[in-house]
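Reader: I'd like to talk through this model with you before I set anything up. Could you take me through it part by part?

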Amino acid sequence: MAVVPMQKISLLVHQADKPKVLAFLQEKGVLQIADIGELAEGMSKLELDKESHELEFRIAELDFAVQFLSKYEQKKKGMQAMIDGDSVKLNYEEMEGIAKDYQYEDMVGRCKSMEDEMVNLKNEIKSIHSVQEKLMPWRHLKYALNTSSESESSVSLHVSVPLKDWSLFKEELVALSKMIAIGKEKVIENKVYVQILCEKEILNQVTGVIATFKVELVELPLLKGTIEEELERLVTRLEQIGVRQGQLNKVAVDFSKELKKLRVTYDYYNWRLQQKLVRRDFASTESTILIKGWITKKSIEVLKTDLQDITSRFVIEEINPEEGENAPVLLVNKGIMKPFQSVTDIYGLPLPNELDPTPYLAIFFIMFYGLALTDAIYGLLMFAIMFSVLRFLKIPKQSQGLIRLLMYAGLITFFAGALYGGWASMTPYQAPGFLTKSLLDGTGNVVTHMVKNDAGETVKEIVKVFKFQKIDAIKSPLSVLILSLLLGFIQVFVGVLMNFIWKFKHESKKYALIDHFPWVYLLFMIGFAVAVKAGILPESLWGTTKILLYIGMVGIVLTQGREKKNIILKFISGVLGLYGLVGYLSDVLSYSRLLALGLATSIIGLAVNTIAGMVSDIPFVGIILAIIVLIVGHMFNIGINALGAFIHSGRLQFVEFFTKFMEGGGQAFKPLKRDSKYVRLND
Amino acid sequence: MDEVVTNPGLWGLALAVAGAAFAVAFSGAGSSIGVSYAGQAGAGVVAEKPELFGKVLILEALPATQGIYGFLVAFLILMFTGILSGDPIALTTADGAKIFFAGIPVGLAGYFSGIYQGKVSAAGCGMVAKNPGDMGKAMVLSAMVETYAVLGFLVSALVVFSIA
């Protein structure tokens, strides 16, 4: 339930035992390897060896094959398959059994040649299409394309002219000389495709006209056949390519059955590479290897005994961290607190000498979540969905926390909703009878009011209210606002108090009393004074309270300037310290969002119900439309407000609560372990 | 038209409708601009990493809340003034003006916060593209801007409640 204490150790092993020891360390996953720092004399840093590079190559090849084949994988359908994704579940022995003997090189080679061919075919299709496009307008030419386009005295040109310029262009050409023949004009879309024959002598003049009109000169490819023949040949080739592509796809789909093996093998070699990569942080002599790293204090003894089974040639010593080096941070929370760690994780980790906020934020987070959503039916739905997801689907351990958290949150939302009378925003008159009761006045009589019925007559009706309802946010928003601010004050006060207690216990007692206690006292007195003023505590206490409050303020002024040297500066920064009150005030006001978010949920629900009521008046299809509106509308409402409640409740923890006692920014504990991309070992 | 000019009750109602229109129009405009910023950045991320679509969609949806708050205030105004049920209540010009002013906080706060939240969300898309694990942080950064729309909504809703 806390930040786990860490110890830096050094581990000296014999060179010969290195592979065994590293495999062992990776399997246990207890030691975060740290940089060796300054080398002692006679020591040298280890470099990556030949085997490491080989492993890197293997992994790259396997990765290629996996990426290539997964495009052709037949995905299983259903929720479970979606959750599992690419992961493979097995134990280490099974994994080793698959990976050790698997001749993946053959498969990788085939994948490579297949990819090559596929790319070539694709490029060929592209070039065929462009040739087709070029040839299409010239289908009327009946000669072979590689026929020479010039004779001794004349030249043949192919041009495409924009239709709007055509007549002008033609006129100018004809005007040039009689030695120009213009072929049959072919109009496609808004271009004219035409062949021009001219004397070589006037070629320059012709090209001059072509250039002034910005006419495109077409170079037809020098192919053997006539255009018609060539086009036909291309179509046949396209068909052939299509068939071949189909074959290749089929083979790829067939090969994709090997994906599981490939993935397992990828992880198997990747783990071995991970063992190799850490060696750059080691120091070595001729016969020994020195490793430094961080380990949880509890695991040191376990490591010593377990390592004995592997080898007896090792020394473990506890050492001091380098200057400026911070221990990595690992938070451990058990049982009901565990899911809340996913909230802390969003913010980041505390520093190693700070406390783990998880257990403290848990109750506030879940309470604020419930208040921001406040609908019993929505809460129940969320609980039911999350519960069945956990019950009927196999969720990977690392994603379970959030789902469990939302399950608890659904339950709390149910209770909050019942207290607020939020049942999918129904009015008591729309709700089923078992949820409501008649309102009684002080003498136990039923309260009635006058309403108009459908026929327009005014009739007497019994006033109904929801059972369990204690607050009505729409009729008396002020009471909810006060409740929100009160909860905010409590959380801020708890934060300040925690800060004081932590500093008092773990850092200087004196400075904790001087720096932090005055704030605890002053905030407490402010709370006390508000309670007196609001009539919760007897009015007669006000005189004493006032004096105690002033003492608190004087305390702040006297203590908060401690670090200044000059007495006047001390006084000034003491007075400025009081300004901190504004900060606390704005923190508390920030909790008013709880009212707003709760209102948003109930009003969107109200809007949905009203719209559904309106469409239900449409003859025949009204009921069906109303049901659709209700389902879609309320699902939308749950979705948007469940997300909003999570973010805003989280924000209240991060911004208003954490800042009172935590700096944050701790580095996560990352031990050498079997980090896998696909394999889920013993999950 | 003559009736509207001569009957002060209808002037009140007209002002109330103007308030509802202001609330929904401005907050909706802000949200749509904001969502479009986030959506453009998100499209870039999804082009590179299609598997992040879900996360990007959530980030894009965050600046959409302002429009909803504006709609809610408009809805409350239309409901409390009886326009929704087709049986409008009589409002003095002063009451109508009060309701009109109720539409301003959510309308303006929603307009500006919607746009700026969209920018933060767009930047958040970049964060998520680099490290999908930073999703929570990106959402919280974006939600910081939304605070002021929430407060605007709160004040608008409280004023509208006061006429009921």
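Author: Let me start with a term that we will need for the interface: two residues are in contact if their C-beta atoms, placed from the backbone, lie within 7 Å. Please also keep in mind that this is a predicted model.

Reader: Fine, then how many residues does the contact take from chain B and from chain A?

Author: The contact draws on 20 residues from chain B and 20 residues from chain A. On the side of chain B that touches chain A, α4 (65-80) and α6 (135-163) of chain B each supply at least two residues, and the largest share, 12 residues, comes from α6(B).

Reader: And how do the residues on that side of chain B divide by class?

Author: The side of chain B that touches chain A has 16 nonpolar residues, three polar and one charged.

Reader: Let's switch to chain A as a whole. What is its radius of gyration, and what would a compact globule of 683 residues have?

Author: Chain A has a radius of gyration of 40 Å, whereas a compact globule of 683 residues would have one near 26 Å. Along the principal axes, the C-alpha atoms of chain A fill a box of roughly 125 × 100 × 60 Å, and 29% of the 683 residues count as buried. Chain A contains 21 helices and 19 strands.

Reader: Which domains does the assignment give for chain A?

Author: The assignment for chain A lists domain 1 (146-219), domain 2 (332-435 + 469-475 + 594-660), domain 3 (436-468) and domain 4 (477-590). The C-alpha centres of domain 2 and domain 4 of chain A are 33 Å apart, and their contact takes 14 residues from domain 2 of chain A and 16 residues from domain 4 of chain A.

Reader: Which elements give two or more residues to the domain 2 side of that contact?

Author: Those elements are α12 (358-373), α20 (593-615) and α21 (622-657) of chain A. By class, the side of domain 2 of chain A that touches domain 4 of chain A has 10 nonpolar, two polar and two charged residues.

Reader: Which residues touch the most other members in the largest nonpolar core?

Author: In that core of 115 residues, A:Tyr369, B:Leu72 and B:Val73 touch the most other members. Helix α2 (residues 8-48) of chain B gives the most to this core, with 14 residues. Domain 2 and domain 4 of chain A both give residues to this core, so it lies between them.

Reader: What does B:Val73 touch, leaving out residues up to four places away in sequence?

Author: With those left out, B:Val73 touches residues including B:Ala23, B:Ala102, B:Val106, B:Phe153 and B:Val160.

Reader: New topic: why does β17 of chain A lie largely in the open?

Author: Strand β17 (residues 458-462) of chain A has five residues and the number buried is zero, so it lies largely in the open. Strand β16 (residues 448-452) of chain A pairs with β17(A) in the antiparallel sense over five bridges, and A:Lys452 stands opposite A:Thr458 in β17(A). In the hairpin of these strands, which has five residues between them, A:Gly456 takes a positive phi near 90°.

Reader: Last one: is A:Phe57 buried or exposed?

Author: A:Phe57, which sits in helix α2 (residues 50-70) of chain A, counts as exposed because it has 11 C-beta neighbours inside 10 Å, and the cut-off for exposed is 12 or fewer.

Notes: Residues are numbered from 1 along each chain as its sequence is written. Chains are lettered from A and ligands numbered from 1 in the order in which they are written. This is a predicted model: local features need pLDDT of at least 70, side-chain atom pairs count only at pLDDT 80 or more; totals for chains, interfaces and linings use all residues. Domain bounds come from an automatic or database domain assignment. Helices (H or I, at least four residues) and strands (E, at least two) are DSSP runs, numbered from the N terminus. Ala, Val, Leu, Ile, Met, Phe, Trp, Tyr, Cys and Pro count as nonpolar, Asp, Glu, Lys and Arg as charged, and the others, Gly among them, as polar. A residue is buried if 20 or more other C-beta atoms lie within 10 Å of its own, exposed if 12 or fewer, and partly exposed in between; C-beta atoms are placed from the backbone. Two strands pair if DSSP finds at least two bridges between them. The radius of gyration is taken over C-alpha atoms; the globule rule is 2.2 Å times the number of residues to the power 0.38. A nonpolar core is a set of buried Ala, Val, Leu, Ile, Met, Phe, Trp, Tyr and Cys residues joined through C-beta atoms within 7 Å.
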